[in-house]
Amino acid sequence: MNSWLSLNSGKCDAAFNMALDEALLEAMPCLRTPVLRFYGWIEPAASFGYFQRYAEVEATMTLRPLIRRPTGGGIVPHDADWTYSATFPPGHEWHSLKAEESYRRIHDWLRLAFAELKVDTELASCCKKSSPGQCFAGHEKFDLLWHGRKIAGAAQRRNKLGLLIQGSVQPPPVSRERMDWEKAMVTVAREQFQARGADFPPDDGLLQHAETLRSEKFSQDCYNRKR
């Protein structure tokens, strides 16, 4: 069995949500164990990809605050979504995957989780372009679809520290609770990846580093507007 850690952060402010994901990535060489994190938002917000231009995002998205992610991708609204991240250490199988394959695999994980809840979804076989920069307008290859509509997308950052995948699910209008979906994600990890999960209470050092990233980086207007 592979060791995995599971972390439910609850609702946090937008800057801390991004900061904790980046702190987890930076901690991977020491943790050396994948972390599956679930989290929410204390207020409506929108995140956008690291390489996007703030002026274009600002003109397109009405939700505030706008927060730059440590990963790529497009604009993602966080007003009613189920947000998660998965972080992998260097040397782990997921870290060695090509970007397209890790993207496919994370969404197949979601597909199997929804199947546990008796909700049929599928991976997009091709790309369907729509508004530039809008993550949930149109879809990319291997996005998760429900009745042809995109309900999940993700963004990645892979470097020598590890692999960070940040994902968002816009839940379909079916009678399923977020808690049920989270449990299904853990079940799939155990059955498909032979993952022996354990709850992960972050230590003070990790939380303090995340708070530093929040205050000195992700909450700073100059960082979010830097492009």
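Predicted model: local features only at pLDDT ≥ 70, side-chain atom pairs only at ≥ 80, totals over all residues.
Which residue in β10 is the bridge partner of A155? It is Q166.

Residues are numbered from 1 along each chain as its sequence is written, and side-chain values use heavy atoms, with hydrogens and water left out.

Now the sheet. It is open, has eight strands and mixed pairing, and its order is β7-β8-β9-β10-β6-β2-β1-β11. Strands here are DSSP runs of E, at least two residues; helices are runs of H or I, at least four residues; both are numbered from the N terminus. Two strands pair if DSSP finds at least two bridges between them. β7 (122–123) and β11 (195–199) are at the edges with a single partner strand each, so one side of each has no neighbour in the sheet.

Back to our pair. β9 (149–159) and β10 (162–169) are antiparallel, over eight bridges.

Next, helix α4, residues 99–116. α4 packs on the sheet and touches β1, β2, β6, β7, β8 (144–146), β9 and β10. Contact means heavy atoms within 4.5 Å. The direction of α4 makes about 135° with that of β9. Axes are lines fitted to C-alpha atoms, for helices over the stretch in contact, and angles run from 0 to 180 degrees between N-to-C directions.

Last, α4 against α5 (178–192). They pack at about 115°, axes 8 Å apart. Among the contact residues are W109 and F114 of α4, and W181 and M185 of α5.
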